[in-house]
Amino acid sequence: MPGIFDWLSNRRSSEQRGPGVAAHSNMTAGDAPGEPYALLSARLGDYPPDTPLHRGDPRGLMPEQRAENLAQFLARDPNRIAVLVSWLAREGLDGAAVLKGDEAALAEGRRIDAWLAGWVPHRPFDPVLGDGEVGPPRARWFASDRAGADLVFSFVSDLARLNAAAIAAADPLFSWAVVEDALEAAATADLIDNPHGEPSDRRYHLCLVRDTYDGSMPIILDVPLAMLCLVHGRMSPLGLPVPAEFPIGLHAIRSGAYA
């Protein structure tokens, strides 16, 4: 459903599994103080990191730096997907099936989603505040070298690549782009920084874009941030506020929601 990206990308407020997953899935954030991703990071082991050329809030980067990040991302894309597919195979999961963007991709995506849910512990529930960490760690995500304690972010980024490849297989009009000002204006049909509202939360992000080349409004999906939100949301003691699972958005695209 189209609304999934609205929630996952714009929220600003704060069956084959590996051995022992059932026991791990019942852990709480208290089992890994200060590091909610520790369990998954440990599971990743020797997973190779994928450090962006230029790190930090995209709004603080120069357009040239964002362009260089895009070029690096595209150059690494086939290899990073191959790394992920090979690693998932060790867990008994078929990432290559997801690449086809068909019904089999949706089925295997559900298996990957179930595996992922088993390796992210639920945060504790506060009877007064509820879930105090609704929003994902965006600042950390953008500033991270995605190695060491942040290795999980390389894995999440690669899941986003696989997700995007499945979407592009189902609809070849989708491709990667940085949402610079001209693209933002084309997608919103409005002026940037207009007095009636803020620019969209995806501005300057690396996103998947559907350009119909006929002058109509392009569709922008912030797949990497949506994937981070999905992983972070899987840890919520309250559950995700909207139905979502990996590969994000593929069912909607196959149903013609963005055509």
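Modeller: A helix here is a DSSP run of H or I of at least four residues, and helices are numbered from the N terminus. The model we are discussing is a predicted one.

Biologist: In which helix is the place of Arg80?

Modeller: Helix α4 spans residues 63-90. Arg80 is listed among the residues through which this helix contacts helix α8, and its place is accordingly given as helix α4.

Biologist: Is Arg80 buried or exposed?

Modeller: Leaving out residues up to four places away in sequence, Arg80 touches Tyr47, Pro48, Pro49, Asp50, Ser154, Asp158 and Arg161. Its relative accessible area is 4%, and because the cut-off for that class is under 20%, Arg80 counts as buried.

Biologist: With which side chain does the side chain of Arg80 make a polar contact?

Modeller: Asp158 is one of the residues that Arg80 touches, and it belongs to the α8 side of the contact between α4 and α8. The polar contact, at 2.7 Å, joins the side chain of Arg80 to the side chain of Asp158.

Biologist: How is α4 oriented relative to α8, roughly parallel or roughly perpendicular?

Modeller: Helix α4 and helix α8 (residues 151-170) pack with their axes 9 Å apart, at an angle of about 100°. Angles of 65 to 115 degrees fall in one class, so α4 is, relative to α8, roughly perpendicular.

Biologist: By class, how many charged residues has the contact of α4 with α8?

Modeller: On the α4 side the contact includes Arg76, Asp77 and Arg80, while the α8 side includes Asp158 and Arg161. Beside nine nonpolar and two polar residues, the number of charged residues in this contact is five.

Biologist: Which strands are the edge strands of the open sheet?

Modeller: The three strands of the sheet follow the order β1-β2-β3 with antiparallel pairing, and five bridges join β1 (residues 174-178) to β2 (residues 206-210). Among the paired positions, Ser175 has Val209 as its bridge partner, and Ala177 stands opposite Cys207. The edge strands, each pairing on one side only, are β1 and β3.

Biologist: With which side chain does the side chain of Arg210 make a polar contact?

Modeller: Arg210 lies in strand β2 and is buried, with a relative accessible area of 10%. Neighbours within four places in sequence aside, its contacts are Asp171, Leu173, Phe174, Pro218, Ile219, Tyr258 and Ala259. The polar contact, at 2.6 Å, is with the side chain of Asp171.

Methods
Residues numbered from 1 in each chain as written. Predicted model: local features only at pLDDT ≥ 70, side-chain atom pairs only at ≥ 80, totals over all residues. Heavy atoms only, no water. Buried < 20%, exposed > 50% of the residue type's maximum accessible area, 1.4 Å probe, protein only. Helix = DSSP H or I, 4+ residues; strand = E, 2+ residues; numbered from the N terminus. Pairing = 2+ DSSP bridges. Axes fitted to C-alpha atoms, helices over the stretch in contact; angles between N-to-C directions. Parallel < 35°, antiparallel > 145°, perpendicular 65-115°, else oblique. Contact = heavy atoms within 4.5 Å. Nonpolar A, V, L, I, M, F, W, Y, C, P; charged D, E, K, R; others polar. Polar contact = N/O pair within 3.5 Å; in protein donor to acceptor, adjacent residues only side chain to side chain.
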